[in-house]
Amino acid sequence: MRKIFKIALTELCTLFYSPIAWLVLIIFTVQACMTYFRLVDIMLMQQFNKPLWYSIAKEMYTGNMGLFPNMLVHLYLYIPLLTMGLMSREFGSGSIKLLYSSPVTAGQIIWGKFLSMMVYGLILMGVLLVLVLFACCTVESFDLSAALSGLLGLYLLMCAYAAIGLYMSSLTSYQVVAAVGTLAVLIVLNFIGSVGQDIAFVREITYWLSIKGRATVFIDGLICSEDFLYFVVVILFFLTLGI
């Protein structure tokens, strides 16, 4: 475990030495804040016209135009930029030979790289958590459990995206190819849920493959063991392929 932590720490330092990690963090924060304050403005206008009778937490965070669904739609665009160099950089620069010659296994390398992405994902979710806590302090009888459920779903989805991106990055020494390949896979997994909805058999298969739909269940406030295990299986599957 100590070697995995060292690899993760080194990868995080390398990630934040580059402008990509900072750029993604800034864009993510700006998008989240703009969406949040737009929703606050809408809530205030509706409150002045007619007192709200429904859950403000549900409307602001889990509704059709809520914060979490809005971030869910764009999350797959950020991950390829972060994962494209995880292994491709090692192959391209030749530093993978130093890793192979050092007393670390392929599994430790992959898990260390993935752990760094998990920590980065916690930073992104921390931005959303600040907005949730602000609403929790200002809205009476705020449904905190529903908001935390949505955060968990987004975090699991980001970890699954990261595992896929890490695997794609281990297939090539070119970072651009890894980014494009990751983006292609994530697009398929995001939009396959809308394919063949008129055929019952196909609908069952596409629902199982739709990774975006699994996260939507968490955003709606339901923590389902089946969906949680789905994310765990996807993560372990692509990490195993990477190893």
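Hi everyone, let's start with a pocket: the second largest pocket in this protein is lined by Ile7, Thr10, Glu11, Thr14, Arg89, Glu90, Ser95, Leu98, Leu99 and Lys113. Helix 1 (2-17), helix 5 (88-93) and helix 6 (96-101) are the elements that each give two or more residues to this lining. Helix 1 provides the largest share, four residues. About 150 Å³ of space lies inside this pocket.

Before going on, a word about the model. It is a predicted one, where local features need pLDDT of at least 70 and side-chain atom pairs count only at pLDDT 80 or more, while totals for chains, interfaces and linings use all residues. Residues are numbered from 1 along each chain as its sequence is written, and side-chain values use heavy atoms, with hydrogens and water left out.

So how do you find a pocket? Rolling a probe the size of a water molecule over the atoms shows where empty space is left. Here the search runs on a 1 Å grid over the protein atoms alone with a 1.4 Å probe, and a pocket is an open set of points with protein on both sides within 12 Å along at least five of seven lines; a lining residue has an atom within 4 Å of a point. The volume is the space filled by probe spheres set on the points, which are joined across faces, edges and corners.

What classes of residue make up the lining of the second largest pocket? There are three nonpolar, three polar and four charged residues. Asp, Glu, Lys and Arg count as charged; Ala, Val, Leu, Ile, Met, Phe, Trp, Tyr, Cys and Pro as nonpolar; and the others, Gly among them, as polar.

Now let's step back to the whole fold. The protein has twelve helices and zero strands. These are DSSP runs numbered from the N terminus, with helices being H or I of at least four residues and strands being E of at least two. Of its 243 residues, 46% count as buried, where buried is under 20% relative accessible area, exposed is over 50% and partly exposed is in between (1.4 Å probe, protein chains only).

Ser116 counts as buried because its relative accessibility is 1%. Leaving out residues up to four places away in sequence, Ser116 touches Ala8, Glu11 and Leu12, where a contact means heavy atoms within 4.5 Å. Gly112 is found in helix 7 too, and Gly112 is buried because its relative accessible area is 0%. With that sequence limit again, Gly112 touches Ile4, Ile7 and Ala8. Gly112 and Leu9 are 103 residues apart in sequence, yet 8.2 Å apart in space, C-alpha to C-alpha.

Helix 8 (residues 144-169) is mostly covered, with 22 of its 26 residues buried. From first C-alpha to last, helix 8 reaches 37 Å, close to the expected 38 Å; that expected span is 1.5 Å times one less than the number of residues.

Last, the cysteines. Is Cys159 buried or exposed? Cys159 is buried, because its relative accessibility is 3%. Cys13, at 34%, is partly exposed. A search of the whole structure finds zero disulfides, meaning pairs of cysteine sulfur atoms within 2.5 Å. Val232 is in helix 12 (residues 225-242) and, at 30% relative accessibility, is partly exposed.
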